[in-house]
Amino acid sequence: MDHSMRLCREVGCHLATPRVFLTVPDGLLVDEASRATLIRGTEDHIQNAVNASMQVPIIMEKARANADLVTAANSSFPGVEADVAIGMAMRFYAGFLEMAKIMRKEKSQGKGLPDIEISPEERGADRAGFAHGVRFAWFVSVREDKKRQELVLDGISAEHQELYLPERFRRLSRLAGGFELDNKASVMLENVNRFIKCFAGAWQRCGNDQGRIQARYRGCPSVWLEWCAIPGIACAGRPDHGEKFLMRANSGVIFDFPRGDAGLLVTIGHELAHAFLIASGDPTHVPALDGTHEAVAEAVMRRWGLDMDEYARTIEWVKSHVKNGCFDPLPWK
Ligand SMILES: [Zn+2]
């Protein structure tokens with residue numbers, strides 16, 4: 001974080017101390033549009049007020065004396081004392097820039113020089129910094145007024161996702177049938193929504209077999225999205241072996257199928273078929289997989305009317321992407 005933005009945050013913390021104002025007041029800045037309004041309305045005024053060669057008290061006075069900044073801050077934080085509103089705006093802006101800079105793939109070297117890629121070491125050092133940062137931030141990618149930049153999202157801790165990016169990384173979502181999606185892999189909202197939709201489609205195909213799956217998996221209703229944590233694409237949970245999930249799926253693969261949702265739906269349907277056979281105590285699956293379990297699961301899929309041609313194409317595609325005969329950790333990514 002550059003020095004002037006560090007000063008911006010510091011001044012913001014003087015005016016709106018984190019001890020009292022840890023987060024944005026309830027009900028304010030709840031959506032991206034209101035955050036965008038705050039950032040766009042204050043950034044020029046903040047930058048004019050914050051000069052890296054100034055001391056904190058001077059910057060504080062300049063900020064208070066800037067009528068445009070006061071007005072913009074007040075309209076985003078109605079009912080909040082003027083000083084506090086300015087402080088919140090400054091902390092929010094500093095947090096926003098902090099996140100924006102860290103997640104960019106490349107950084108500017110200055111006028112006339114090409115942008116260069118940010119090294120993982122630099123990124124790591126910056127991230128350690130924002131661990132202590134303000135809780136006010138907003139995500140850069142929604143800024144349509146700025147050139148769209150490629151963002152690096154890997155490695156952002158779950159804590160920071162929740163703190164800074166709740167709209168990007170929703171952790172838990174409801175699934176059809178009373179199941180729950182646990183997004184452990186920082187999958188972006190767009191793909192989370194695809195999964196929810198495809199799960200609903202596959203679940204509907206289970207028809208009269210839904211009840212048996214629900215009964216056996218009561219108490220372990222979770223579907224885990226993880227990045228390359230399992231050897232393969234997806235697997236059904238084994239409540240008979242103490243596993244507390246309905247299925248796990250590899251987010252590094254399932255959102256890249258060449259025919260998109262069609263492949264995703266049959267993949268989920270395939271795991272539901274295994275789950276059904278496990279729930280039924282089928283001897284090909286319980287107490288252990290007997291080697292004919294794939295063929296039997298495919299027969300269930302066929303009975304449910306899932307698209308077996310699509311399933312075959314999906315398997316083929318996965319195999320064609322395997323390197324060194326190994327599904328794990330799906331190294332083409
Ligand atoms: Zn299988």
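This is a predicted model: local features need pLDDT of at least 70, side-chain atom pairs count only at pLDDT 80 or more; totals for chains, interfaces and linings use all residues.

User: Which residues of H8 and H11 meet?

Analyst: On the H8 side they are Arg-194, Phe-195, Cys-198, Phe-199, Gly-201, Ala-202, Trp-203 and Arg-205, and these meet Asp-261, Leu-264, Leu-265, Ile-268, Gly-269 and Leu-272 in H11.

User: How do you know that the span of H8 agrees with its number of residues?

Analyst: H8 comprises 17 residues, 189-205, which at 1.5 Å a residue should span 24 Å. The end C-alpha atoms of H8 are 25 Å apart, so the two values agree. Gly-207, which follows H8, has a positive phi near 50°.

User: Which residues of H8 are buried, and why are they said to be on the same side of H8?

Analyst: The buried residues of H8 are Val-192, Phe-195, Cys-198, Phe-199, Ala-202 and Arg-205. They cover an arc of only 130° around the axis, and therefore lie on the same side of H8. In an α-helix there are 3.6 residues a turn, so residues three or four places apart point the same way. The cover over the buried residues of H8 includes strands E3 (172-174), E4 (180-183) and E5 (222-226), together with helix H11 (261-279).

User: Why is H11 called largely enclosed by the rest of the structure?

Analyst: A residue is buried if 20 or more other C-beta atoms lie within 10 Å of its own. In H11, 17 of the 19 residues are buried, so the helix is largely enclosed by the rest of the structure. For the chain of 333 residues, 34% count as buried. H11 reaches 26 Å from its first C-alpha to its last, close to the expected 27 Å. Just after H11, Gly-281 takes a positive phi of about 65°.

User: Is Pro-78 buried or exposed, and how do you know?

Analyst: Pro-78 has 9 C-beta neighbours inside 10 Å. A residue is exposed if that number is 12 or fewer, so Pro-78 counts as exposed. Pro-78 is found in the loop between helix H4 (67-76) and helix H5 (82-103). From C-alpha to C-alpha, Pro-78 and Leu-28 are 8.6 Å apart in space, although 50 residues apart in sequence.

Methods:
Residues are numbered from 1 along each chain as its sequence is written. Helices (H or I, at least four residues) and strands (E, at least two) are DSSP runs, numbered from the N terminus. The expected span of a helix is 1.5 Å times one less than its number of residues. The arc is that of the directions from the helix axis to the C-beta atoms. Two residues are in contact if their C-beta atoms, placed from the backbone, lie within 7 Å.
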